[in-house]
Amino acid sequence: MKPFEIKKGIYWVGAIDWNMRNFHGHTYTTKRGTTYNAYLIVDEKIALVDTVYGPFAQELIEKIKAIVPPEKIDYVIANHVETDHSGAMPELMKLCPKAKVYCTQKCKEGLFRYYYGNWDFQIVKTLDKLKLGKRTLSFIEAPMIHWPDSMFTYCAEEELLMPNDAFGQHYATSERFADEVDQCALADEAAKYYANILWPLGSMISRKIEEVVKMNIPINMIAPSHGLIWRKDPLKIVNTYMEWAKNQTQPKIVIAYESMWGATEKMARKMAEGIADSGIDVKVYDVAQSDRTEIIKDMLDAKGFMIGSSTHDNDMLPNMAGFLEFLKGLKPKNRLASAFGSYGWAGGAVASIEKVLKESGIEVSGPSISARFMPDDKELKACYDYGVDFAAKIKA
Ligand code: FEO
């Protein structure tokens, strides 16, 4: 893939990782792959905004070479230390050792600990400027969006915001602009990205967006570091982020369960019937079989969670324990949850689930519902009614 001119004199020089399936270790499944976006700005001075993941360093360098000799790069802007954006720096900096590296103080600390490079770091703060010639870059610190070191780079003359991870999607495509791809797939990937990476940071995200809005800076393009570039109506994704950041939900319920011999599954299915018959959108997932990244995406706008597990060793089953540990880290707010499950001799799973939900700051709607061994018809009717009742609470 060749470099791609996104604006006159500004080139996408990133890499497409078609085969990335497990991002961040194994915390995020990326069934559509991903991209690592880097942008080369050619002016009187030449600046590179971000690099790419280390295995793609040569692709980045070849793309830069197609435009300018890498030794001509004056500035490397590191918006974020994480290795998917900085991994190519050691190889790149060998070719432009005199380039100044612009980043936040925390990013400098991280870059040094990752690569131990003796680079010429220039520490920037919000609204510091870097003149390239006709264009000037401004920096906006964006701590915790999504790491403490993160920042955005803005070019006023081009009305171009390069916010690194914010507004990204893990979506490998040959197109570069968001308006050129399947809009359902794009929306799906943007939501999945927010839910699995940014969800716990909502209050900081809304504050940062409000801060940028008050700066009154015109934006006609948002070029994130993953996925497609927002060119048509770029503020639409900003508004969507505001809704997510405020934990706005839909009358929708996600049932997530793990079942040892099928009893908890029967309960889940009956509850789902009761919810659906009440006219509330319901999604049902067996966490042992399903992609956690997808379940979390579905939970992003769901008002209600119903969490179930069979009892094993007086506790919930291990896939559910791992799932709830991940959910706890996302700190969902304004949700209502309930616990359910089956047991044989002694229970334990339902109490454990309720404990973790409360520790996660999620309101638990009681009482919970349990069944011994296999639920009979009367108990299944009770599960159906339980779903109806929970749906009514979500409607209210
Ligand atoms: Fe895409 Fe935080 O790295």
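Predicted model: local features only at pLDDT ≥ 70, side-chain atom pairs only at ≥ 80, totals over all residues.
Begin by selecting Tyr154, which stands opposite Leu161 in strand 15.

Now widen the selection to strand 14 (residues 151–155) and strand 15, which run antiparallel and are joined by three bridges. The two strands form a hairpin with four residues between them, and in this hairpin Glu159 takes a positive phi near 55 degrees.

Keep strand 15 (residues 160–164) selected and show its side chains: the strand is mostly covered, with five of its five residues buried. In a regular strand the side chains alternate between the two faces of the sheet. Here Leu160, Met162 and Asn164 point one way, while Leu161 and Pro163 point the other way.

Which strand runs parallel to strand 15, joined to it by three bridges? Select strand 16 (residues 221–224), for this is the parallel partner, and within strand 16 look for Pro224, which is the bridge partner of Asn164.

Next, move to an open sheet of seven strands, whose order is 1-2-7-8-9-10-11 and whose pairing is mixed. Its edge strands are strand 1 (4–7) and strand 11 (120–123), each of which pairs on one side only. Neighbouring strands of this sheet are turned by 25 degrees against each other on average, if direction is ignored.

Inside this sheet, select strand 2 (residues 10–12) together with strand 7 (residues 39–42), an antiparallel pair joined by three bridges, where you will find Ile10 opposite Ile41 of strand 7.

Continue to helix 11 (residues 349–359), whose buried residues are Ala349, Val350, Ser352, Ile353, Glu354, Val356 and Leu357. An α-helix has 3.6 residues a turn, so residues three or four places apart point the same way. The buried residues of helix 11 pack against several elements, including helix 10 (318–330) and strand 20 (336–343). After the helix comes Gly361, whose phi is positive, near 80 degrees.

Finish at Met374, in the loop between strand 22 (369–372) and helix 12 (377–395). Is Met374 buried, partly exposed or exposed? Met374 counts as partly exposed because its relative accessibility is 39%.

Technical notes:
Residues numbered from 1 in each chain as written. Heavy atoms only, no water. Buried < 20%, exposed > 50% of the residue type's maximum accessible area, 1.4 Å probe, protein only. Pairing = 2+ DSSP bridges. Axes fitted to C-alpha atoms, helices over the stretch in contact; angles between N-to-C directions. Contact = heavy atoms within 4.5 Å.
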